[in-house]
Amino acid sequence: MYPVEHTSPRLLLREITIDDVDAVHAIYGNPEATEHLSFEPRTRDQVGQIIARSMTTATATPRDEYCLAVVERDTDHLIGYARLALDPHQPQAATMGLALHPAAWGVGYGTETVRAVCAVAFDTLDLHRVWAARAPLNTASHKTLLRAGMTEEGRIRQHVHVRGTWRDSITYSTLDVEWEAGQQKVVP
Ligand SMILES: CC(C)(COP(=O)(O)OP(=O)(O)OC[C@H]1O[C@@H](n2cnc3c(N)ncnc32)[C@H](O)[C@@H]1OP(=O)(O)O)[C@@H](O)C(=O)NCCC(=O)NCCS
């Protein structure tokens, strides 16, 4: 499906474009924003290549990757980058990830982004299951995924190789029935 667009109270998810390279590099090139991610800070050229590839896959048939700009509606600024990638071997399942610029942290945009990506996954793409993985030390991600209604599932041992070593991941998921029934748990 192309193009994908989703509006939430304060945010807009839209297709990424080549004009977004600097704003995405401000996140993907930022050591603080990438501290717990599965890659080291990217150069501007690397971000340009990622976005160019994302734009190509966006119009592929079938489409298996959705790389979306997270835009603050009040300012029209790109404050984050979200990705939903269909699992190659599991029908109607996808992995989601997100990263926001540190200047946008702490006001609920992370939670709103996770829920917006789930809305795209379940309401627009009719998926069955969405899952996410975080680094064990990524407390902000843990709280955000729970706050957004996902359920913690477990640990994948030595899931990613980053910064010269193997790192475990902690996984979370939401199912379509939970989304539709509005049964996501909200952590007090
Ligand atoms: C993880 C991330 C998306 C959270 O975004 P955010 O907009 O700050 O999150 P929210 O404001 O929606 O906060 C959600 C919860 O996380 C908590 N939280 C946010 N940052 C935190 C931090 N650094 N330490 C501890 N808790 C934190 C909030 O207090 C809130 O918890 P609560 O519901 O108990 O009050 C953001 O920090 C980020 O982009 N980090 C870098 C990339 C990344 O780690 N992505 C996730 C990969 S799975």
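These legends describe close-up views of a predicted model.

View 1. Eight strands make up an open sheet. The order is S1-S2-S3-S4-S5-S6-S8-S7, and the pairing is mixed. S1 and strand S7 (151-162) are the edge strands. Each has a single partner strand, so one side of each lacks a neighbour in the sheet.

View 2. Strand S1 spans residues 6-7 and pairs with S2 in the antiparallel sense. Their pairing rests on 2 bridges. In one of them, His 6 has Leu 13 of S2 as its bridge partner. The two strands form a hairpin, with 3 residues between them.

**View 3. Strand S2 beside strand S3.** S2 also pairs with strand S3 (residues 65-72). This pairing is antiparallel and runs over 5 bridges. Leu 11 stands opposite Glu 72 of S3.

**View 4. A parallel pair, S5 and S6.** Strand S5 (residues 93-100) and strand S6 (residues 129-134) pair in the parallel sense. The pair holds 3 bridges. Ala 94 has Val 130 in S6 as its bridge partner.

**View 5. Helices against the sheet.** Helix H1 (residues 21-28) lies across strand S4 (77-86) and S5. H1 runs at about 80 degrees to S4. Helix H3 (residues 44-58) also packs on the sheet. H3 touches S2, S3 and S4. The direction of H3 makes about 115 degrees with that of S3.

View 6. Helix H4 spans residues 109-124. At 1.5 Å a residue, its 16 residues should span 22 Å. The end C-alpha atoms are 21 Å apart, which agrees with that expectation. Of the 16 residues, 13 are buried, so H4 is largely enclosed by the rest of the structure. Asp 126 follows the helix. The phi of Asp 126 is positive, near 60 degrees.

**View 7. Asp 168 in strand S8.** Asp 168 sits in strand S8, which covers residues 165-175. Is this residue buried or exposed? Asp 168 has a relative accessible area of 19%, and the cut-off for buried is under 20%, so Asp 168 counts as buried. Its side chain makes a polar contact with the side chain of Arg 155, at 2.8 Å. The side chain of Asp 168 also reaches the backbone nitrogen of Gln 158, at 2.7 Å. Beyond its neighbours within four places in sequence, Asp 168 is in contact with a set of residues that includes Arg 134, Ala 135 and Pro 136. Ile 156, Arg 157 and His 159 are also among them.

View 8. Thr 111 has an N or O atom in its side chain that lies 2.6 Å from an oxygen atom of the ligand. Backbone atoms take part as well. A polar backbone atom of Leu 100 is 2.8 Å from an oxygen atom of the ligand. A backbone N or O atom of Gly 106 also lies 2.8 Å from an oxygen atom of the ligand.

Note on methods: Residues are numbered from 1 along each chain as its sequence is written. This is a predicted model: local features need pLDDT of at least 70, side-chain atom pairs count only at pLDDT 80 or more; totals for chains, interfaces and linings use all residues. Side-chain values use heavy atoms; hydrogens and water are left out. Two strands pair if DSSP finds at least two bridges between them. Helices (H or I, at least four residues) and strands (E, at least two) are DSSP runs, numbered from the N terminus. Contact means heavy atoms within 4.5 Å. Axes are lines fitted to C-alpha atoms, for helices over the stretch in contact, and angles run from 0 to 180 degrees between N-to-C directions. Buried means under 20% relative accessible area, exposed over 50%, partly exposed in between (1.4 Å probe, protein chains only). A polar contact is a pair of N or O atoms within 3.5 Å; within protein, one must be able to donate a hydrogen and the other to accept it, and residues adjacent in sequence count only if both atoms are side-chain atoms. The expected span of a helix is 1.5 Å times one less than its number of residues.
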